[in-house]
There are 2 protein chains.
Amino acid sequence: MPVSLTRNSARLVARLSVRPASAARTLATHAAIPLTTKSAFFKDEPKAPSLSTAVPGPRSKAISAEIDSFASNLAHTFVVDFEKSDGNYIVDADGNKMLDVFSQIASIAIGYNNPSLLALAKTDEFARATMNRPALGSYPPTTWTDWIESSLGQVRPKGVNDIFTAMCGSCSNENAFKAAFMAYRARERGDPSVTFTAEELSSCMKNQAPGSPQMSILSFGQGFHGRLFGSLSATRSKAIHKVDIPSFPWPSVPWPAVNYPLEENASANRKAEQDTLAQVEDVIDSHKRNGNPVAAVIVEPIASEGGDMHASPEFFRGLREVTKRMGVFFIVDEVQTGVGATGTFWAHEKWNLEIPPDFVVFSKKMQAAGFYHNVDTRPTIAYRNYNTWMGHPTELLKAREIIRFINEHSLVSKTATVGDKLYSALASLAAPGSPGHNKIQNLRGKGEGTFIAWDAPTVEARDRLIGKMRNEWGINMGGCGDRAVRLRPMLIFEESHADVLLYALERALAEL
Amino acid sequence: MPVSLTRNSARLVARLSVRPASAARTLATHAAIPLTTKSAFFKDEPKAPSLSTAVPGPRSKAISAEIDSFASNLAHTFVVDFEKSDGNYIVDADGNKMLDVFSQIASIAIGYNNPSLLALAKTDEFARATMNRPALGSYPPTTWTDWIESSLGQVRPKGVNDIFTAMCGSCSNENAFKAAFMAYRARERGDPSVTFTAEELSSCMKNQAPGSPQMSILSFGQGFHGRLFGSLSATRSKAIHKVDIPSFPWPSVPWPAVNYPLEENASANRKAEQDTLAQVEDVIDSHKRNGNPVAAVIVEPIASEGGDMHASPEFFRGLREVTKRMGVFFIVDEVQTGVGATGTFWAHEKWNLEIPPDFVVFSKKMQAAGFYHNVDTRPTIAYRNYNTWMGHPTELLKAREIIRFINEHSLVSKTATVGDKLYSALASLAAPGSPGHNKIQNLRGKGEGTFIAWDAPTVEARDRLIGKMRNEWGINMGGCGDRAVRLRPMLIFEESHADVLLYALERALAEL
């Protein structure tokens, strides 16, 4: 069942003719994929997916059952042989080799067993950094400025200078919340030399106002910002993430009710986005009047866990304008969107903000976690935003090498190019008469690198597609939201990998 | 001013005669310490503290000022040359070599640049584990059971089986809170097949009851359990940790008003502890009646950040009895007390509990973080207590080597022995006629290994002592609570190190 892939289809056909089928591996339930992948960075990377068992196979299941003797295995997808995994390919306990476009929930930037990272691991510098873990806030290493400036400092978002390191995305968001609350209260006090009243100091020890103030973080519907108690109160992805857990009475505003593709619905979307901005303004205003002021608004450039929800740059510029005008801090959560996958290093670069965000939060593919901000949100008294470790030299050195590798090989612009082609091919696959018609709905991520998603007709259809892709074609994909499929390949995902993905997807969709 | 150190003083004198003064280094402001340290594990460890500048010295200050260009340096003590640090000695940016009895806020177990850890760092296993960081909840490595059982599994506290790995002490406590809340609600629902009502699922998305229930965690005065939003609501250490940050209206009960030494005040202390237990029972009872039930009680075996507050094993057995009887989970926070420093691997071993804790939380010296629990607090639905990383293979392999090294060299029992001698010498130093009289108050930690603390007369006196010990004697100590000095040496701290500490302390106290 041929499908019109426009320009992409010509390339696909060309590939078909130049790549001999003999190079491909035999899959369990299908004829070989008559295409091969080729990595510029991983010379031993498999040439194609290869399945010898169902996924999870018997060995995955046996190991998963072992793990269940001490920890829940309910969320296991399959068990991974990380030693054999290479580049874009993840190898499971049964030896199945899968093209991985989920990448440990979007957390692997430059491939499994990247030789540059493995070489870093063997250096004395890395060994000492890892094995002498400091309490960074009190006993920083002599090398700290160099380590920071050669890593996170190389990719400072425009307009932010300070760097706060932490442990993971959730705690990075929470430390940003704390910094926002402290700065908001400091601004309310006015004179910087004014500190806390005796009543504040005594009441906070009882978890009571005024020391523990009623204040809030405003987030958006479908937003995901983590699963600790503060971050979970801002998270609006799924009920299963939140039910039974006490939360702060923090407000949210629905994600703008935009239609996709964004550019074809620009006018209606603009109205939806303006409505959302008006609601944001209303909530900030009413909460301030009700004694539970919003100290910060947090938003993801693409609400990822919640279903890859997009909005226009104009919307985000408007959000920055509203927050600035109303004296509320603006937190951009780039935990999932950061580090190049959207075709720019930071997704929010595409917004062309005149006023930078107050906080830009990172984790996942950066391996190091934390946030960028400015000195106006730096506490002026010691030990206020503080903990034992305050980050992790191990992860910082990994971030340094990941950033160096990305820059050396121009992986951000390459990801933009591969993503554009992938998006075009998917759009063709979704067109009337193509196998994806009605099965690829609300395709989104145009101009956002490989950070692409679409909706299946139902959650069951989505899960069937992901199962089929994994089990029959050897492609590991992830879902998000209610019925979305999200693509999260690494930055070393090249056109040949996209071709294999598209070949399998076209046939899997046709069979559904 | 000679001091009667009882048996210890005889040993001190013996050391004086066998160790030539020429082996010691010259200190900036004092004659050499006429004692030397000797490590069984670190052949190149310095023989004595050695200062060539004030601490922090000019290079520390210059580097700290550099760091201030991107992050707060307000809590910096000094800048560390981790490459030169060795065993019990920390070397700063100016080359000052200090005996470290604070150990990165009690987080270094087996010495700076421990050769066994450095050797681990250079293995292929470690390199791959570090550079292929998995989403452990969904894609565990084939080696996971082996890694867990050869590390954390070797030191399971009695009566708990499951192991939940996380990132740091704060988030480990918060994940234990979440598990407790979920299990508490599941028990309220009764039939395990009963899940959530539609109202619960919709209300939680609005941060409202019944889906986001009013429930609480009960903690103790002076308790410290972390600084994220849930853990901070349970923390009662210092106002500066809490002020301006919204918190949950969770209750606390004052730490038992015991007097030290515990054994000399047993009768009055018993009454104080019984009072506290009665208050715990009251709070659990009243909160249940008021619709904000206590799901769990959290307690540290020794409330460390809050000032090293102790209580008797009977108190903790009583607490376990009350929580069990009232259907409340019991969380033992061993983040600071765990991993051997109290003379048993877990401090709570000394309680001889008949019913084990529901949760035992660890981090710091373990490097890996998380908690032990049992299957009754394991969620029965996937993705409920879940996050991207769910721990860290890097830290797990470090924990494996730390535990192996501790066991191989019997470091827990050695720490008990060294701690007993150190405590006795400090008690002598605090006795009437000795230089520490009235300056070492409320000495505590007898039978708790090297986990020893005392109160200075005032916060100023405490800070002067710590400053003097660092600046004049080259000994890096930490404070806690309002006016306490806490000793947190590593598990490789031997008698010769204790002798140097005591020698300097005796003279520093005499001069104050």
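**Exercise 1. A helix pair in chain B**

Which residues in helix 5 of chain B meet which residues in helix 12 of chain B? Describe the geometry of the pair and the classes of the residues involved, bearing in mind that this is a predicted model.

*Solution.* Begin with the residues themselves: from helix 5 of chain B come Glu125(B), Phe126(B), Ala129(B) and Thr130(B), and they meet Pro393(B), Thr394(B), Leu397(B), Lys398(B) and Arg400(B) of helix 12 of chain B. Sorted by class, the residues of this contact are four nonpolar, two polar and three charged.

Next comes the geometry. Two packed helices are described by the angle between their axes and the distance between the axes. For helix 5 (residues 124-131) and helix 12 (residues 393-408) of chain B, the axes cross at roughly 145° and come within 8 Å.

**Exercise 2. The helix pair in chain A**

Determine at what angle helix 5 and helix 13 of chain A pack, and which residues make the contact.

*Solution.* Helix 5 (residues 124-131) and helix 13 (residues 393-408) of chain A have axes 8 Å apart and pack at an angle of about 145°. On the side of helix 5 of chain A the contact is made by Glu125(A), Phe126(A), Ala129(A) and Thr130(A), while helix 13 of chain A supplies Pro393(A), Thr394(A), Leu397(A), Lys398(A) and Arg400(A). The class count for this contact in chain A is four nonpolar, two polar and three charged residues.

**Exercise 3. The relation of the two chains**

**Exercise 4. The interface**

Characterise the interface of chain B and chain A by its residues, its buried area and its polar pairs.

*Solution.* Chain A and chain B each bring 121 residues to the contact, and the area buried between them is about 10600 Å², with carbon and sulfur atoms giving 60% of this area. Across the interface there are 64 residue pairs in polar contact, with both residues at pLDDT 80 or more. On the side of chain B that touches chain A, helix 7 (residues 169-189) of chain B gives the most, namely nine residues, and by class this side has 61 nonpolar, 32 polar and 28 charged residues.

**Exercise 5. Salt bridges**

How many salt bridges are found over all chains, and how many across the interface?

*Solution.* Over all chains the search finds 66 salt bridges, and across the interface of chain B and chain A the rule finds twelve. One salt bridge between the chains joins the side chains of Asp68(A) and Arg378(B), at 2.7 Å from N to O. Within chain A, Arg189(A) forms a salt bridge with Glu200(A), whose closest N and O atoms are 3.2 Å apart. This pair links helix 7 (residues 169-189) to helix 8 (residues 198-204) of chain A, with the two residues eleven residues apart.

**Exercise 6. Backbone details in chain A**

Locate Pro56(A), Pro261(A) and Asn352(A), and state what the backbone does there.

*Solution.* The peptide bond from Val55(A) to Pro56(A) is cis, with omega near 0°, and Pro56(A) sits in the loop between helix 1 (6-18) and helix 2 (58-67) of chain A. The bond from Tyr260(A) to Pro261(A) is also cis, with omega near -10°, and Pro261(A) belongs to the loop between strand 5 (252-253) and helix 11 (266-289) of chain A. Asn352(A), although not a glycine, has a positive phi of about 50°; Asn352(A) is found in the loop between strand 7 (329-333) and strand 8 (359-362) of chain A.

Note on methods:
Residues are numbered from 1 along each chain as its sequence is written. Chains are lettered from A and ligands numbered from 1 in the order in which they are written. This is a predicted model: local features need pLDDT of at least 70, side-chain atom pairs count only at pLDDT 80 or more; totals for chains, interfaces and linings use all residues. Side-chain values use heavy atoms; hydrogens and water are left out. Contact means heavy atoms within 4.5 Å. Buried area is the accessible area (1.4 Å probe) that two parts lose on being put together, summed over both. A salt bridge is a side-chain nitrogen of Lys or Arg within 4 Å of a carboxyl oxygen of Asp or Glu. A polar contact is a pair of N or O atoms within 3.5 Å; within protein, one must be able to donate a hydrogen and the other to accept it, and residues adjacent in sequence count only if both atoms are side-chain atoms. Helices (H or I, at least four residues) and strands (E, at least two) are DSSP runs, numbered from the N terminus. Ala, Val, Leu, Ile, Met, Phe, Trp, Tyr, Cys and Pro count as nonpolar, Asp, Glu, Lys and Arg as charged, and the others, Gly among them, as polar. Axes are lines fitted to C-alpha atoms, for helices over the stretch in contact, and angles run from 0 to 180 degrees between N-to-C directions.
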